[in-house]
Amino acid sequence: MSIFSRKGGAHKNAARKKDTKAESFAQRLETLSGETDGRKKKPSSKGKTRALTVALIVIASILALLLLVLLAYSIWSTAPETDDSGLKTQETATPEATVTPSMPAGATAQPSATPTASPSPTPKEETAERKDNVYTLLVVGRDRVGLNTDTIMVARFDCDNHTANIVSIPRDTLVNVPWAVKKINSVYGSAGIDGLVAEIEDLVGFGIDSYAVVNTYVFQQIIDCIGGVYFDVPIYMYYDDPDQDLHISLAPGYQLLNGYQCEQVVRFRQNNDGTGYPNGDIGRIETQHAFFAALARQVLQLGNISNLPQIISLVIDNTDTNLSSGNIAFYAQEFLKMGMDDISFYTLPYDTVYIRGGSYVSIQLEAWLDMINTYLNPFNMDVTAANLDVLCFDGTNFTSTTGMIPDFYSFYDYFAG
């Protein structure tokens, strides 16, 4: 009997434990759902305090991580070397020489005689002192297949005032070079980056501190690294160029663009049927400026600080540049100190002219000098025409700041093709 009694007791104990577990489980469910006997249970002040403490710890950890990243960049970053050689001086044939081509009936522009006057003395060199903590940078965008540099921008960073001025040089800008297509976007393919830097320096009148030639691959990768860019596409963009493996297909409107779509925006000039921006290349440059402003706005967000190491690696590994990783970190650190109102975009002032059937951008010299000295010059002395090598054409006359004017027939004949 005692044996059966012990077994019966064991069964009773097991049943009690089972009931207790079921009851405990039900109570936990009530606690999680916040309801007991049909009434909502108020969260305890202890639970509120614990949740608030966890949130504060997470926020503090994120801020600490961001501060550590910024500190690491401040230690690692190195300011670029500056070109302290002063303003450029140009050898001249005859200052501000003007040549009027002969104009047969029905022609738009004809050959101009090469100046025969003896060269004037080189302008007297004066000492120009560099402004403190001001740096200049040439940024060039080129396509994946050819050596076209359709995006050329000169920037000045003022690290004391935390401002950046960026000036676009139109791709068709007339330059005094020995080959037939005398446009700025032909220089990189004919003379390389050293030749392009030298030509830009002749246009601005001073040495450029640093340069970066960014191809479309790294441009796309940087955009994708920051999660794309929200941008208001201004017009329909449909264009195909199989030779460049370029296919553009974008509808207008505000949208999130990935890296490849962003490339389409900045490279678009016209549709397959010839339509496009009503104001031509100036519309393209305005769209580029608006896009880069949107890109800057997104990069300036704190959430993208963690992406900087990957961006720097992409630039170093895939870009033709004389910047070190420490220099890029320096620019990134300074860039993060700016607001959107501190970043300004401009375009070289110009007139559109035609030479032998080809469209060229002719610089408006006085307006250009004013823009250089207001937004780009890193020295405390104004740039003058004597510091530039600029060739201009007004539809009838060629003028040159050096007096050196190429023969008209040395220009490519777009009529002949």
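Is Leu256 buried, exposed or partly exposed? Leu256 is partly exposed, because its relative accessible area is 41%, where buried means under 20%, exposed over 50% and partly exposed in between, with a 1.4 Å probe and protein chains only.

Hi everyone, a word on the model before we go on. It is a predicted model, where local features need pLDDT of at least 70 and side-chain atom pairs count only at pLDDT 80 or more, while totals for chains, interfaces and linings use all residues. Residues are numbered from 1 along each chain as its sequence is written, and side-chain values use heavy atoms, leaving out hydrogens and water.

Back to Leu256, which sits in strand E11, residues 253-257. Helices (H or I, at least four residues) and strands (E, at least two) are DSSP runs numbered from the N terminus. Together with Tyr230 and Tyr254, Leu256 forms a nonpolar surface patch with about 360 Å² of accessible area. Patch members have over 30% relative accessible area and no salt bridge; like charges are joined within 9 Å, and nonpolar side chains (Val, Leu, Ile, Met, Phe, Trp, Tyr) within 5 Å. The areas come from the Shrake-Rupley method with a 1.4 Å probe, and for residues only the protein chains shown count as cover.

Now the whole chain. You'll find nine helices and 17 strands, and 45% of the 417 residues are buried.

On to salt bridges, meaning a side-chain nitrogen of Lys or Arg within 4 Å of a carboxyl oxygen of Asp or Glu. The count comes to eleven. One of them joins Asp172 and Lys183, at 3.6 Å from N to O. Both residues lie in the loop between strand E6 (163-168) and helix H3 (187-204), so the pair ties together parts eleven residues apart in sequence. Asp172 is buried at 8% relative accessible area, and Lys183 is buried at 9%. The two also belong to a salt-bridge network that includes Asp150, Arg171 and Arg269.

Another bridge links Asp413 to Arg356, with the closest N and O atoms 3.3 Å apart. Asp413 lies in the segment after strand E17 (398-400) and Arg356 in the loop between E14 and strand E15 (358-363), so this pair ties together parts 57 residues apart in sequence.

Last stop: Tyr350, in strand E14, residues 350-355. Tyr350 is buried, with a relative accessible area of 17%. Leaving aside residues up to four places away in sequence, its contacts (heavy atoms within 4.5 Å) include Pro170, Ile282 and Val361.
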